[in-house]
Amino acid sequence: MVSRRTLVEGLLPSEPARWTLLAAGATSAGVISVWRPAFVMLVLVVAVVGIQQRRWTVLATGLVFVVLGAASGGIALLRADATTTAKVPERQAVVVLRVVEDASSNRYGISVGVPSSIDGEPWRGPRLAVVGLDGVEVGSTVEALGRIRPGVRRVRDEIVAGTFSVVSVERVERTTNPLMMVGNAIRRRVQSVFDGSSSTDGLLAGFLIGDTRRLGAHDVENLRRSGLAHFVAVSGSNVAVFMLGWWIVTAPLAVRPRIRALIGAVGLGVFVVVTRWEPSVVRASAMTAVPLGAAMVGIPVDPWMALGTAVTVLLLVSADLLGSVGFQLSVAATAGVLVGVALARDRQPRWLWMSLLVTVCAQLAVAPVVIYVFGTMPLFAPLANLVVAPLVTLATVAGGLSLVVGVLEPVASVAAGAVLRIAEHAASGPQLGGPAILGVVTVGVFVAARSTRPLGIAAAVLVAAVAVGGPGAWPATPTVSALDIGQGDAILIQDPSGRAMLIDGGPDPGLIDRALRRKGVSRLDVVVATHGDADHVAGLIDVVGAYDVGELWVSAFAGPSDLLRGVTDAAVRASVPVREVQAGHRISIGSIAVEVVSPTRRYASDNDGSIAILATSQRSVLIPGDIEAVAQADLPALSPNVLVIPHHGSASSDIRWITRTVGQIAIVSYGVNTYGHPSSQIMKALRDANVEVRETFTEGDISVSLSSA
């Protein structure tokens, strides 16, 4: 039997690795100390002095890296401050810029560019988000006509000072950088072979290059809720598969070990370009580059040393990475994997213990970050990962080889399909909060020790009974809910019979999918797209394809809208009937009577053309979409108990109509925005009317019973 002392010593990294881990920790503390200097410095001093015997040397080393980290963090803060305070013009202009993030790197089709000139004048300002550059790859230089608007925003982990909306592209110069050219070519090849015509295509593109744009939000959320989302984040395992293929292709050139290491370093650069430098890829590539570089000079490196060196160098170069959730998860998971490998080293059968302990340790390592960011963590994540890992490897390898040998594409698709099915089943499992995770870990410790095993089993039953959270409970009375989906509208009507109706879906498919899961919804009798604005219908494109939907309603007087057309096209693909409705159309959702009260005609404004719905049980609610003063004047006299304030509380409403129509409760649905929603005049009028005002921005989901009880 392995003694506890031997076990603990086996977990400890080598002496050189401890130094690199100390450097990584001190550098991280230095970056954080830009905000909390006294606390971090105190913790660091206590840690290095109390743990190490050579305390003065270790203390000096730690302080050096704290100072270096603080310098790196300070530079990052200055860079962010320069971006947020930059004076960006608001006008139509001809801009020459270099694309540093292309539209294929995120789900929203937004590029990031570094302008070199605006209307012929040199520009030394910060980066801009660019809309309308689909198909223009990273590294390209573009001259385009469009409109610049100031406004700080994030594109992935990048802070930009404004948005450039392209009207026309005058000139495109492709990059001549060899790494960029090879990386872009590989990315194009993957996207052409796995073109997104199916969910499995979207998943395979995610496995190979981290491109999940063609993977539906429902599938993405299934992966997250099952603990499998890291497989499409592209990290260490993907780097290993790519490097294996790279070395096979470049084998004739690798005549000597040092040349082989150099070729490997070039391959890492290509892979970083292919995956658009996701933080997890940057960490994995840097960690792989450390032993490759050490091999060139004949220095042995163990995994802990590679991890510590990679983290130290990356944070010194770019302190922003410390705030990236992808980077945090990648580092934590890697540390967990290394601990799992050490624990499984002397256990038999080794393959079983290695798979089990590596998976469990990685999940425990990322648990604090996952709980902090997402609020819950799936209970069955370790089991799901254990089952799915070989399928992901098979899908990735077969998918990569199918880029050259097409005959393997069906194998990759079958494996990817199995992953999606497992994720769908596992996503319905219990989600644990922070206390429940702590309880599970405590139970695991008790069960592992023979003396406390009976107590551990009893505690497991208790944890399962009180700490496990399932899907949202269905309301016992007719209920209307304004879902918290950011800046937009998504109104859910639920009847105790199990029937439900969704009116709009907000701007983000992922947010509406999570909101519906919170409410326990799996089927929607009716989905309503009130009008074509993105903050109302962009989220519906995935909903009508991923959920069991009875029918889709659109306005009989709807104007042209690419987004609305996208929703109806998705409905046709999913065999969901599309019904054009206008004022007077009525149905029942269980005990709830639903009537369309507008539009009665075609309006000049798309907002006025919104579908407005009155839902009545024992109490009533008016859901008017974005109708403005003109359409409000056309409505019949209504006195609902609950009013969803039109257009997120915009000043485009007639205040007299608002105060005349509002009942006991007013709901204002909005998020962070630059439109001035809600209007101060509207909010004052509601307060003066002495009604209960509820806001999704401050409350989150808002549910109101339509029962009089």
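Figure 1. With a relative accessibility of 71%, N690 counts as exposed, because exposed means over 50% relative accessible area. As in every figure here, the model shown is predicted. N690 sits in the loop between helix α24 and strand β22 (692–695). Its phi is near 60 degrees, a positive value in a residue other than glycine.

**Figure 2. D504 is a buried loop residue with positive phi.** D504 is not a glycine, yet its phi is positive, at about 70 degrees. The loop that holds D504 runs between β12 and α18 (509–518). D504 has a relative accessible area of 1%, so it is buried.

**Figure 3. Seven strands make an open sheet.** The order of the strands is β15-β14-β13-β12-β11-β10-β23, and their pairing is mixed. At the edges are β15 (578–581) and β23 (702–705), each of which pairs on one side only. On average, and with direction ignored, neighbouring strands of this sheet are turned by 20 degrees against each other. Helix α21 (residues 562–573) packs on the sheet, where it touches β14 (548–555) and β15. The direction of α21 makes about 145 degrees with that of β14.

**Figure 4. Strands β11 and β12 pair within the sheet.** Strand β11 covers residues 491–494, and strand β12 covers residues 500–503. The two run antiparallel and are joined by four bridges. In this pairing, I491 stands opposite I503 in β12.

**Figure 5. S707 is buried in the segment after β23.** The segment after β23 is where S707 is placed. Its relative accessibility is 10%, and S707 therefore counts as buried. The side chain of S707 makes a polar contact of 2.9 Å with the side chain of Q618. With neighbours within four places in sequence left aside, S707 is in contact with T477, P478, Q618 and R619.

**Figure 6. Helix α9 has a length that agrees with its number of residues.** Helix α9 (residues 257–274) has 18 residues, which at 1.5 Å a residue should span 26 Å. The C-alpha atoms at its ends are 25 Å apart, in agreement with that value. Among the buried residues of α9 are A261, I263, G264, G267 and L268. V270, F271, V272, V273 and V274 are also buried. Just after α9 comes R276, with a positive phi of about 55 degrees.

**Figure 7. A salt bridge links R79 and D320.** Side chains of opposite charge can pair when their charged atoms come close. The structure holds 22 salt bridges. In the one between R79 and D320, the closest N and O atoms are 2.5 Å apart. This pair links distant parts of the chain, since R79 and D320 are 241 residues apart. R79 belongs to helix α4 (residues 55–84), whereas D320 is in the loop between α11 (303–317) and α12 (325–344). R79 counts as partly exposed, at 41% relative accessibility. D320 is partly exposed as well, with a relative accessible area of 39%.

Figure 8. An α-helix has 3.6 residues a turn, so residues three or four places apart point the same way. R224 is buried, with 16% relative accessible area. E221 is also buried, with 3%.

**Figure 9. E595 and R586 meet in a salt bridge.** Their side chains are 3.1 Å apart, N to O. E595 counts as partly exposed at 24% relative accessibility, whereas R586 counts as exposed at 56%. A network of salt bridges that share partners joins R499, R523, D525 and D548.

Figure 10. P599 lies in the loop between β17 (592–598) and β18 (612–616). Another runs from H677 to P678, with omega near -5 degrees. P678 is placed in the loop between β21 (665–668) and α24 (680–688).

Note on methods. Residues numbered from 1 in each chain as written. Predicted model: local features only at pLDDT ≥ 70, side-chain atom pairs only at ≥ 80, totals over all residues. Heavy atoms only, no water. Pairing = 2+ DSSP bridges. Axes fitted to C-alpha atoms, helices over the stretch in contact; angles between N-to-C directions. Contact = heavy atoms within 4.5 Å. Buried < 20%, exposed > 50% of the residue type's maximum accessible area, 1.4 Å probe, protein only. Polar contact = N/O pair within 3.5 Å; in protein donor to acceptor, adjacent residues only side chain to side chain. Expected span 1.5 Å × (residues − 1). Salt bridge = Lys/Arg side-chain N within 4 Å of Asp/Glu carboxyl O.
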